[in-house]
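Please read this briefing alongside the sequence and the coordinates.

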Amino acid sequence: MTVLFYGNVIDQAGGAQSVQVQDAASVRALIDALGNRFGQDFKAFLLGDETCLLLVNGKGIMATGGLDTQLEDGDKIEIVPFVVAG
């Protein structure tokens, strides 16, 4: 599956804009795999309150099962930072 990073998520991933991940059965497993690749600080960043929005095939994971959202080969996961403007 393809994981795309946007905004400051790219910075947190050491400049990577996208990665391919194999054998992640759920969003939770995907985040574990990304933590193994980019470090535990990256994993904590992804799991932080209101840090990022995770989309699987264009749908927010809160509408599809949260961290237990099931993933399949060929899925596109986008990790987008929340933007706060005042």
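Predicted model: local features only at pLDDT ≥ 70, side-chain atom pairs only at ≥ 80, totals over all residues.

Residues are numbered from 1 along each chain as its sequence is written, and side-chain values use heavy atoms, with hydrogens and water left out.

**Burial**
- Strand β3 covers residues 52-56, strands being DSSP runs of E with at least two residues, numbered from the N terminus.
- Because four of its five residues are buried (under 20% relative accessible area, 1.4 Å probe, protein chains only), β3 is largely enclosed by the rest of the structure.

**Partners of β3**
- β3 runs antiparallel to β5 (residues 76-81), and five bridges join the two, where pairing requires that DSSP finds at least two bridges between strands.
- Within β5, Glu 78 is the bridge partner of Leu 55, and Ile 77 is that of Val 56.
- β4 (residues 59-60) is also antiparallel to β3, to which it is joined by two bridges, and Lys 59 of β4 stands opposite Val 56.
- The hairpin of β3 and β4 has two residues between the strands, and in it Asn 57 takes a positive phi near 50°.

**The sheet**
- Five strands make up an open sheet of mixed pairing, ordered β2-β1-β5-β3-β4.
- β2 (18-20) and β4 stand at the edges with a single partner strand each, so one side of each is left without a neighbour in the sheet.

Note on methods:
Buried < 20%, exposed > 50% of the residue type's maximum accessible area, 1.4 Å probe, protein only.
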